[in-house]
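Okay, thanks for having me, everyone. Let me put the structure up.

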Amino acid sequence: MTIHQNLIAGEWVGSDAIRNINPSNTDDVVGEYARASVEDTKAAIAAAKAAFPAWSRSGILERHAILRKTADEILARKDELGRLLSREEGKTLAEGIGETVRAGQIFDFFAGECLRLAGEVLPSVRPNIGVEITREPVGVVGIITPWNFPIAIPAWKIAPALCYGNTVVFKPAELVPGCSWAIVDILVRAGLPKGVLNLVMGKGSVVGQTMLDSPDVHAITFTGSTGTGKRVASASVEHNRKYQLEMGGKNPFVVLDDADLTVAVEAAVNSAFFSTGQRCTASSRVIVTEGIHDRFVAAVGERLKSVVVDDALKAGTHIGPVVDESQLKQDTDYIEIGRQEGAKLAFGGELLKRDTPGFYLAPALFTEATNDMRISREEIFGPVAAVIRVKDYEEALAVANHTPFGLSSGIATTSLKHATHFKRNAEAGMVMVNLPTAGVDFHVPFGGRKGSSHGSREQGRYANEFYTTVKTAYTLA
Ligand code: NDP
């Protein structure tokens, strides 16, 4: 099998490789991918540093053309890349293709942003002096990504980093290197100069840690778990570097008595279980007022009967497998914890056998849960959700906000008054009304509050806050 190598200073290198395994069928090897060492990572950082002066001064048309060509190729190959994504991560083919399209759209968006770089010209408070405010690239940006969105998250970090003139050292999650390798290959063929983007696949404790420890990485953008995020933060404070963190969530989805039951059930099932519940914006806390509670739980149970859990690549599959054995163990451990805490496992939660060996779990719904149980407080990151019964809207809002996290927050209601109040008072970076907590647009800001995020927002025009630094220049006329 050919080894997909790392890209360092424009050269494809590396012979030490690991196998990328399909979670729908563990007999299927997606490919072999190189593992970078500490020395490789240091070489990648040095290459990005050396490439920075020329790239940061490169013309906006050159950057625009590279990002646009990349977008075009990703979109033209959406079926093939979407299939690769589903094969390595386990989300369904429809979800894999959808995520690939989103990655193409993100490159397209930032291709456009290259042509819209702007500053401000202001009069000084002193006579005969002009003031210019411009944005400059930050330098070498370290990009560290998780396994659950193997093409969209790399895209929404790499595209703005390059657009604003930074050079990059990119470390994807070791579990899903395939899509990352593919987009780096596309960017190189689109004309990216040597050293501007360096790919270092491999272990977080080796590659990621070397990036954190390097004084030559000027900014780090990280998406992943809270634990690793804290390491990124403390190492970055040490080096006085800019950092951005997107971490976990425990997103509430509130269902009020006046909700449209069909809308509420679809949004709750999607939020909790689609993409196998492995979305930072998934909802695993469904907070339901007592007037609709029993009807809602019964309707979710009915809806789950028609949900097919199977091989991600099979037509008709709604939910693919869990990403790997250790995540599956985490999910089943939490199901056991929920039982022991006294919640009632109303539906699912059992391991499923399918035609191929994979990590299949029936979506699990607990009822009679309270907000102080561990299943209501800790991120599970799998198809496991808990229903919490509350008296009224006021209690629902209080429970929704009573969490250390603050990424996304949803409500199902037909009341304009409650929808408006919820939008204003939900302690989250993103609020959804009559929509799933997950599923966001690529051209608007993404990010959370409290323990979910740190730093400026990702995506859309707001991305320039992280990937640029502001300069104020004064000139005597
Ligand atoms: P991890 O934090 O384990 O890993 C994220 C990335 O960090 C991986 O590339 C990993 O490498 C790397 N890493 C691990 N250790 C270190 C280290 N010491 N130094 C530097 N980098 C390191 O998260 P998961 O990949 O397991 O992703 C799941 C988690 O991510 C969930 O908790 C989820 O909530 C969160 N997440 C948050 C999102 C958000 O936007 N808020 C979006 C998606 C996920 P390796 O591959 O080797 O482990």
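Before we start, one term: a residue is called buried under 20% relative accessible area, exposed over 50%, and partly exposed in between. And keep in mind that this is a predicted model.

So, how many aromatic pairs does the structure hold? Seven. Let's take F109 and F442. Their ring centres are 6.4 Å apart and their planes meet at 80°, and over 60 degrees counts as edge-to-face, so that's what we call this pair.

Where do these two sit in the chain? F109 is in helix α4, which covers residues 93–114. F442 is in the loop between β19 (430–433) and β20 (453–454). That's 333 residues apart, so the pair links distant parts of the chain.

Now, buried or exposed? F109 has a relative accessible area of 16%, which is under 20%, so F109 is buried.

Another pair to look at is F466 with Y467. This one is edge-to-face too, with 5.0 Å from centre to centre and 90° between the planes. Both F466 and Y467 are buried.

Last topic, charges over rings. The charged end of K91 sits over the ring of F149, 3.7 Å from the ring centre. R63 has its charged end over the ring of W55, and there the distance to the centre is 5.9 Å.

Conventions: Residues are numbered from 1 along each chain as its sequence is written. This is a predicted model: local features need pLDDT of at least 70, side-chain atom pairs count only at pLDDT 80 or more; totals for chains, interfaces and linings use all residues. Side-chain values use heavy atoms; hydrogens and water are left out. Rings of Phe, Tyr and Trp (its six-membered ring) pair if their centres lie within 6.5 Å; planes under 30 degrees apart count as stacked, over 60 as edge-to-face and the rest as tilted. Helices (H or I, at least four residues) and strands (E, at least two) are DSSP runs, numbered from the N terminus. Buried means under 20% relative accessible area, exposed over 50%, partly exposed in between (1.4 Å probe, protein chains only). A charge sits over a ring if NZ of Lys or CZ of Arg is within 6 Å of the ring centre and within 35 degrees of the ring normal.
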